[in-house]
Amino acid sequence: MRPEGSPVLEVNKLSKSFNSFRAVKEVSFELYRGEILGLLGPNGAGKTTIIHMLLGLTLPTSGEIRIFGLNPEKSRQREKILGRMNFSSTYVALPYSLKVRESLMVFAGLYGVKKPRQKIDALIEQFDLKDSANKAVRTLSSGQMTRLNLAKAFINDPEILLLDEPTASLDPDIADRTRNYLIEVKKIKNMAILYTSHNMKEMEAISDHLLFLHHGEIIARGTPAEVVRQFRSENLEEVFLKIAREVEV
Amino acid sequence: MSFRRISAMFLRHTYLYRHSFTRLIEIVYWPLLDLLLWGFVSVYITKLTSEGQTAPNFLAIFLGALILWDILFRSQQGISVSFLEEVWARNFLNLFVSPLTIGEYIVSLMLVSLFKVVVVFLVSSLLAWLLYSFNLFIIGIYLLPFMINLIILGWSIGLLTTAFILRFGQQAEVLAWGIAFLFQPVSAVFYPLSVLPDFLQVAARFVPASYVFEGMRAVIMGQSFPAGYLVRAMTLNLIYLILVLLFFFRMFKAVRVKGLLVHMGE
């Protein structure tokens with residue numbers, strides 16, 4: 001059962017080609033408020049390309065994206081959309097030379113946050129960054145860096161959050177706390193989250209709904225349990241290995 | 001000492017040149033520019049001596065030219081190096097997934113550039129006065145339009161460089177440090193345009209900075225300033241800025257189509 005109401009994000013027959021290579025092939029899906037939608041698949045399946053198209057960083061070859069009913073390809077609408085969503089990725093950093101607090105202050109400005117100091121204090125507390133708040137970003141450990149990235153992602157209280165492998169460099173304790181926080185915040189704020197990870201246990205635990213991508217196409221969708229059943233497997237890890245190794249199912 | 005290890009390291013660096021045309025060009029770029037610049041300065045001084053002319057105030061001409069050239073250079077660096085800092089910090093994507101528009105980003109880079117120019121100008125003018133008793137303000141009322149023209153040219157060069165870095169990635173980074181100097185010989189910074197060979201004089205007519213430096217020398221040497229120079233410099237500058245902005249926006253769209261924006265900083 002997916003949440004009721006109209007989706008906040010709709011993707012219809014979205015495709016992306018890089019010269020003759022088709023990275024994403026006619027992908028369609030929806031994301032609802034109060035839902036964590038897991039996007040998974042082997043490397044090169046098209047997950048990151050889809051996220052980049054949703055953010056307007058890469059333009060689609062064909063198909064349609066609607067976020068809050070608006071078109072992100074139109075610059076004025078894109079500006080409105082991006083003010084209501086946010087993104088975090090392990091592979092994207094924040095300015096190294098700035099201090100943690102300064103860095104968050106810059107993003108508070110970019111997102112037009114009212115009372116930025118109070119917001120930043122709350123995020124620093126929430127993401128356990130108190131000890132590093134006045135340290136330069138370059139001195140942070142990879143775990144602290146990931147937490148800072150997440151703090152940045154929550155700076156504008158986004159209604160949609162796109163997370164690209166957010167726990168990839170976290171130790172199991174912090175990763176677990178982060179997952180729990182995301183589940184909690186999703187419930188409290190009725191947030192819509194699109195999530196990618198290579199950690200299948202994590203995907204099973206966190207996702208309300210899954211899209212399994214392979215060679216740019218959605219080959220399975222449903223709750224984690226439904227996807228596992230569909231592939232007659234024990235768990236998502238097994239499904240992943242079957243697909244990645246191109247085993248006939 | 002292992003010859004194999006030494007040759008492995010030699011190979012490591014030569015591979016870079018095999019894969020990057022810009023690095024290859026860079027080997028000869030700086031010596032060539034130095035040769036051109038100092039060659040023309042020498043021609044200028046030799047010409048003055050052989051013709052028995054009274055030597056102009058070289059201190060004022062060279063220091064004034066140096067300070068004004070730095071305005072152009074810092075203005076360009078304020079754009080391209082500030083952009084590169086986001087790329088190096090892998091922060092570029094974070095900016096463009098925020099509501100920040102590309103237009104707002106460009107304006108912010110221009111402000112950074114302006115800030116750098118003001119600091120450089122104040123520090124170098126003060127030092128020139130303290131160390132060499134050279135007062136740049138002898139240029140008088142023309143100083144401001146000279147500076148505005150150089151700043152705008154610096155912005156155009158900076159945005160052009162940035163557009164190339166967006167499109168071609170790190171291998172184009174070298175342009176951020178060197179492209180402004182490409183305009184130096186034809187800008188007649190340290191010598192009059194008449195020193196240049198005819199074909200370079202024709203090229204110089206299309207470089208707004210050449211009018212600024214010719215004007216500066218005229219004012220320092222007590223001659224009347226040809227106001228038409230300022231009009232020509234400003235007209236060219238506005239045309240170039242508009243063309244560069246159009247090119248930048250076109251390039252920005254092209255990198256989004258090609259999916260290259262997400263590879264910035266990799």
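1. Helices (H or I, at least four residues) and strands (E, at least two) are DSSP runs, numbered from the N terminus.

2. Before going on, please note that this is a predicted model, where local features need pLDDT of at least 70 and side-chain atom pairs count only at pLDDT 80 or more, while totals for chains, interfaces and linings use all residues. Residues are numbered from 1 along each chain as its sequence is written, and chains are lettered from A and ligands numbered from 1 in the order in which they are written.

3. How much of α5(A) is buried? This helix is mostly covered, with 10 of its 12 residues buried. A residue is buried if 20 or more other C-beta atoms lie within 10 Å of its own, exposed if 12 or fewer, and partly exposed in between, with C-beta atoms placed from the backbone. Among the buried residues of α5(A) are Met145(A), Arg147(A), Leu148(A) and Lys152(A). The buried residues of α5(A) pack against β5 (85-89), α3, α4, β6 (160-164) and α6 of chain A, together with α4 (92-96) of chain B. Two residues are in contact if their C-beta atoms, placed from the backbone, lie within 7 Å.

4. Next, the domains of chain A: domain 1 covers 1-84 + 161-249 and domain 2 covers 92-157, with bounds that come from an automatic or database domain assignment. Taken over C-alpha atoms, the centres of domain 1 of chain A and domain 2 of chain A are separated by 25 Å. Each of these domains gives nine residues to their contact. On the side of domain 1 of chain A that touches domain 2 of chain A, helix α6 (residues 172-189) of chain A brings the largest share, three residues.

5. The two chains also meet, through 21 residues from chain A and 16 residues from chain B. On the side of chain A that touches chain B, α1 (47-54), α2 (75-83) and α3 (100-110) of chain A each supply at least two residues, and the largest share, four residues, comes from α2(A). That side of chain A has 14 nonpolar, five polar and two charged residues. Here Ala, Val, Leu, Ile, Met, Phe, Trp, Tyr, Cys and Pro count as nonpolar, Asp, Glu, Lys and Arg as charged, and the others, Gly among them, as polar.

6. In chain B, have a look at helix α3 (residues 58-88) and helix α6 (residues 143-168), which pack at an angle of about 30° with their axes 7 Å apart. Axes are lines fitted to C-alpha atoms, for helices over the stretch in contact, and angles run from 0 to 180 degrees between N-to-C directions. The contact of α3(B) with α6(B) holds 15 nonpolar, eight polar and no charged residues.

7. Gly38(A) sits in strand β3 (residues 36-40) of chain A and is buried, because 26 other C-beta atoms lie within 10 Å. Glu26(A), in strand β2 (residues 21-31) of chain A, has a positive phi of about 45° although it is not a glycine. Asp128(A) has a positive phi of about 55° and is not a glycine either.
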